[in-house]
Amino acid sequence: MRQHFTILFNTFVLMNLFNQVACRKLGWADFKIHRNFFNNFWFLIVLFGEFVAQWFIVQVFNTIFRTAPLTWPMHITCYIFGAGALAVHFLGKIIFDDKKVFGKVFDLNFNETNEAGKSKFFD
Amino acid sequence: MEILGGKPTKEIINGIEKWSYSADMKVIIVEKVQKIKVLARCLPEHKFALIVALQTAGSSVAVTADGLNDVDALKQANVGFCMGQSGCEIAKDASDIIFLDDNFNSVFKATIWGRNIIDNIRKFLQFQLAINIVCVAIVFLGGATLGNSPFSVIQLLWINMIMDTFAAIGIATEPPSTDEADMNLEERRRKEDKIIQPGMWRNILIQTAYQFIILVVMLYSVPWWFNIGYDLVDEDFYA
């Protein structure tokens, strides 16, 4: 049963590591995640370190993290669903492509923008 | 006249003659402010009025100044730039950013980095909102249905490090993009743009939904995928 929750934990972390790559693009239809991928040295270090550390947490540091070593099919399942986060990121951009429609649907900010010109001068 | 690009001189406003304090000053200035290229013989009050008028018209105003008489303008502007070597102390105090090299080109650098900072905050939010919502939801669901958190305490600590520390180091330190198309000026550079834009909400919500659904399915069915099934509820956790 430790393997069960280790799979859960591993999948969750991997999904977010892939999501971390996808989150560097903000544009409405910006699919080019490879662009400027190598422009931040620290990002590469952090991403690589996280993948390596995650592997060791699952396979080696079992007592501290209450994990159990996984078999290869389990690892592959975790990585497939992890990379699925990236695929879903693209899929969402493809499906909700029409900015005129979905730009209003997803406009979820509830506070109004501040009025310009609120100054002491004209009061 | 070089500055005006050969345009007629009516776009030069003579501060002292045309502008004076009056009831309808606001109307006059807001009408004219879009056309003004040069403001001649102006008093500190006129600089101040020009800034307020531009802000009323919806612009973000940056002021570069160095003298004692510009303090009001520096304070009122959205961003006040001051000269580091030639400026006086009181102007430096009133300004937001000081040019150490007295070079006007630094304005562009400041703009680029300012835009970069808000973009990095947006990237960070886009990542962190998704992971936070999913993490809280799955821990709550596991606790409510199985009687225990699916993640142990140290695992949650590791997840927290990923979502806070490492994300801050990795995503929020990104340098400005050198790519004009990537900066995408129209999309998120207006003053009224919100910090979390519709496109970001879309990404966050889709990502949250995907991760949550996958984790819920896994929470209840993964042992039977790999033939390690057991009684989920009765089992003594962390035995």
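Modeller: A nonpolar core is here a set of buried Ala, Val, Leu, Ile, Met, Phe, Trp, Tyr and Cys residues joined through C-beta atoms within 7 Å. A residue counts as buried if 20 or more other C-beta atoms lie within 10 Å of its own, as exposed if 12 or fewer do, and as partly exposed in between, with C-beta atoms placed from the backbone. The model is a predicted one, in which local features need pLDDT of at least 70 and side-chain atom pairs count only at pLDDT 80 or more, while totals for chains, interfaces and linings use all residues. Residues are numbered from 1 along each chain as its sequence is written, and chains are lettered from A and ligands numbered from 1 in the order in which they are written.

The largest nonpolar core holds 45 residues, and the members that touch the most others are L8(A), V13(A), I159(B), I162(B) and L215(B). Helices (H or I, at least four residues) and strands (E, at least two) are DSSP runs numbered from the N terminus. Two or more residues of this core come from each of α1, α2 and α4 of chain A and from each of α6 (106–146), α7 (153–170) and α10 (198–225) of chain B. Of these elements, α1(A) provides the largest share, eleven residues. As a general background, nonpolar side chains tend to be buried together in soluble globular proteins. One member, I159(B), can be followed through its contacts, where two residues are in contact if their C-beta atoms, placed from the backbone, lie within 7 Å. Once residues up to four places away in sequence are set aside, I159(B) touches V13(A), C135(B) and F151(B).

Turning to the contact between the chains as a whole, chain A contributes 52 residues and chain B contributes 60 residues. On the side of chain A that touches chain B, at least two residues are supplied by each of α1 (2–22), α2 (41–59), α3 (62–65), α4 (72–95) and α5 (99–105). The most come from α1(A), which gives 13 residues to that side. For the classes, Ala, Val, Leu, Ile, Met, Phe, Trp, Tyr, Cys and Pro count as nonpolar, Asp, Glu, Lys and Arg as charged, and the others, Gly among them, as polar. Sorted in this way, the side of chain A that touches chain B has 30 nonpolar, 17 polar and five charged residues.

The axes of α4(A) and α10(B) come within 9 Å and cross at roughly 145 degrees, where axes are lines fitted to C-alpha atoms, for helices over the stretch in contact, and angles run from 0 to 180 degrees between N-to-C directions. The crossing of α4(A) with α10(B) is right-handed; a crossing is given that name if the near helix is turned clockwise from the far one by less than a right angle, and is left-handed if anticlockwise. From α4(A), the residues F81(A), A85(A), V88(A), H89(A) and G92(A) meet R202(B), N203(B), I206(B), Q207(B), Y210(B), Q211(B) and I214(B) of α10(B). By class, this contact of α4(A) with α10(B) has six nonpolar, five polar and one charged residues.

Helix α10 of chain B also contains W201(B), which counts as partly exposed because 19 C-beta neighbours lie inside 10 Å. Apart from neighbours within four places in sequence, W201(B) is in contact with F106(A), L108(A) and I196(B). By comparison of positions, the C-alpha atoms of W201(B) and I112(B) are separated by 25 Å, and the two residues are 89 residues apart along the chain. In helix α7 of chain B lies V153(B), which is exposed because 10 other C-beta atoms lie within 10 Å.

Two loop residues of chain A complete the picture. N36(A) lies in the loop between α1 and α2 and has a positive phi near 60 degrees without being a glycine. R66(A), in the loop between α3 and α4, likewise has a positive phi, of about 55 degrees, and is not a glycine. Most residues other than glycine have a negative phi. N36(A) is partly exposed because 17 other C-beta atoms lie within 10 Å, and R66(A) is partly exposed because 18 do.
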